[in-house]
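Here are my notes on this one, jotted down while going through the model. Have a look at it first, then read on.

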Amino acid sequence: MVISVPRLVIAAPSSGSGKTTVATGLMAAFASRGLAVSPHKVGPDYIDPGYHALATGRVGRNLDAYLCGTELIAPLFAHGARGCDLAVVEGVMGLYDGAAGEGELASTAQVAKLLRAPVVLVVDASSQSRSVAALVHGFASWDPEVRVAGVILNKVGSSRHEEMLREALDESGVPVLGCLRRAAQVDTPARHLGLVPVAERRSDAVDAVGAMAEQVQRGCDLDALYALARGAGELSGAAWDAAEVVASSPPPPLPVPTLGAAAPRPPHRPERPRPQTPDGLRVVAVAGGAAFTFSYAEHAELLTAAGAEVVTFDPLRDEQLPDGTCGLVIGGGFPEMYAPELSANEPLRKAVAELAFGGAPVAAECAGLLYLSRELDGQPMCGVLDVSARMSERLTLGYRDAVAVSDSALAVAGTRMRGHEFHRTVVEPGAGAAPAWGVRAPERRVEGFVQQGVHASYLHTHWASQPGVARRFVERCRTS
């Protein structure tokens with residue numbers, strides 16, 4: 001199979017240069033021309049893809065060479081871009097920044113090379129003129145395998161400023177494909193973990209994406225950018241397919257339920273059947289809404305391929321789990337911003353606790369861990385885990401190499417996975433009697449909880465790297 005989707009990688013010398021504004025604006029501008037645009041984000045970021053989805057009407061997807069491995073970058077890209085006229089890939093941090101101590105691994109530059117895609121460098125020109133040429137020359141010549149094929153100048157102050165920048169770049173050999181003036185209306189609010197997700201400000205986010213598109217249409221040469229995208233090199237290989245990888249994953253041995261740390265049980269836990277849907281599928285409920293916005297699209301696709309019916313629910317609004325729920329996935333997000341509202345939804349908290357104490361498989365990452373705790377910042381949560389969670393001033397951030405310590409509904413002990421931590425909260429204690437993971441860096445430690453069918457941890461993982469996780473989870477739904 002030959003992958004020939006036109007594509008661009010939008011990169012920058014550093015964070016804060018305007019990549020998200022330019023990438024999202026380009027996606028929306030090309031989509032307004034009637035093109036089917038496939039949106040992608042380098043790295044583990046969950047928030048930017050929400051803006052990309054708003055701009056294109058398609059699911060935003062991540063390309064993370066650390067979490068998934070370099071061999072999956074092109075197949076995952078082809079999966080997301082199937083049937084599209086153009087793909088726009090937003091980079092992460094600076095062009096050559098990757099996993100700490102791992103060289104180019106997981107950098108935008110590495111992903112661009114793996115995709116054989118031209119790079120457009122977004123430069124914050126607000127405090128420079130002729131020096132911009134030296135900066136662009138350095139980035140364009142650092143790695144000959146990275147094709148820096150154009151520049152978009154951002155935060156340009158005036159017509160005279162633009163003229164000086166263009167004159168300087170004439171000598172660099174890298175064409176200027178756009179020039180954007182300072183525009184406060186495209187700013188998006190941020191807080192302790194980055195931009196505020198689309199789900200929390202949808203109306204304002206729609207306006208912001210519209211402003212980004214208008215600015216890009218006004219300041220960028222869209223025809224030249226599309227021509228550049230069409231010059232991307234062909235890729236060979238098959239697109240990633242959830243059904244194929246699940247079918248080819250080894251049959252999952254089921255775990256022996258592990259009680260782990262003691263947790264308070266409801267005073268009455270009646271036996272209740274977990275009904276199948278009419279076609280024999282098992283319902284896996286996935287938390288969504290404003291408090292739980294972090295998820296990778298491939299997780300739901302893998303669960304579906306493994307035989308589950310995936311149903312989304314909102315813990316802020318829904319007082320019961322979806323009918324027939326046999327398994328529960330609670331991903332990341334910002335429960336700390338909604339602790340009073342989550343706590344006030346007592347019927348759902350009780351339903352989650354009843355499901356978990358009944359032995360059903362529950363996969364909880366970061367925000368999900370907080371929601372299963374006894375309390376979060378003093379507000380009662382589900383009480384599945386006998387831990388207390390609270391906000392902290394310390395940011396925990398970085399990639400992690402991990403190994404499963406305990407057999408669980410997700411993995412056999414000894415299974416190795418790579419993950420990512422990103423939070424400003426702490427739970428006490430940090431691990432149960434049966435921990436979820438052993439982590440090597442930045443220090444050796446165990447963390448998380450395996451308790452009956454529950455697997456709860458701070459670690460965000462990408463199941464495409466281990467599709468047997470989804471198959472094992474659904475098998476546990478059938479047998480619990």
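1. Which residues of helix 15 are buried? In this predicted model, the list runs G468, V469, A470, R472, F473, V474, R476 and C477.

2. As for what helix 15 sits against, its buried residues pack against strand 12, helix 11, strand 13, strand 14 (325–330), strand 15 (362–365) and strand 19 (416–428). Helix 15 itself covers residues 468–479, and its 16 Å from first to last C-alpha is close to the expected 16 Å.

3. Strand 12 (residues 282–287) pairs in the parallel sense with strand 13 (residues 308–313) over 6 bridges, and V283 has E309 as its bridge partner.

4. Now the open sheet: 7 strands, paired parallel, in the order 4-3-5-2-6-7-8. Strand 4 (61–63) and strand 8 (176–181) are at the edges with a single partner strand each, so one side of each has no neighbour in the sheet. On average, neighbouring strands here are turned by 25° against each other, direction ignored.

5. Within that sheet, strand 3 (residues 37–42) and strand 5 (residues 86–90) pair over 5 bridges, with V89 as the partner of H40. Helix 1 (residues 19–32) lies across several strands, including strand 3 and strand 5, and runs at about 170° to strand 5.

6. On confidence, the chain averages a pLDDT of 91. Residues 255–275 fall below 50, though; where pLDDT is low, the coordinates should not be read in detail.

Conventions
Residues are numbered from 1 along each chain as its sequence is written. This is a predicted model: local features need pLDDT of at least 70, side-chain atom pairs count only at pLDDT 80 or more; totals for chains, interfaces and linings use all residues. Side-chain values use heavy atoms; hydrogens and water are left out. Two strands pair if DSSP finds at least two bridges between them. Helices (H or I, at least four residues) and strands (E, at least two) are DSSP runs, numbered from the N terminus. The expected span of a helix is 1.5 Å times one less than its number of residues. Buried means under 20% relative accessible area, exposed over 50%, partly exposed in between (1.4 Å probe, protein chains only). Contact means heavy atoms within 4.5 Å. pLDDT is the predictor's confidence in each residue, from 0 to 100. Axes are lines fitted to C-alpha atoms, for helices over the stretch in contact, and angles run from 0 to 180 degrees between N-to-C directions.
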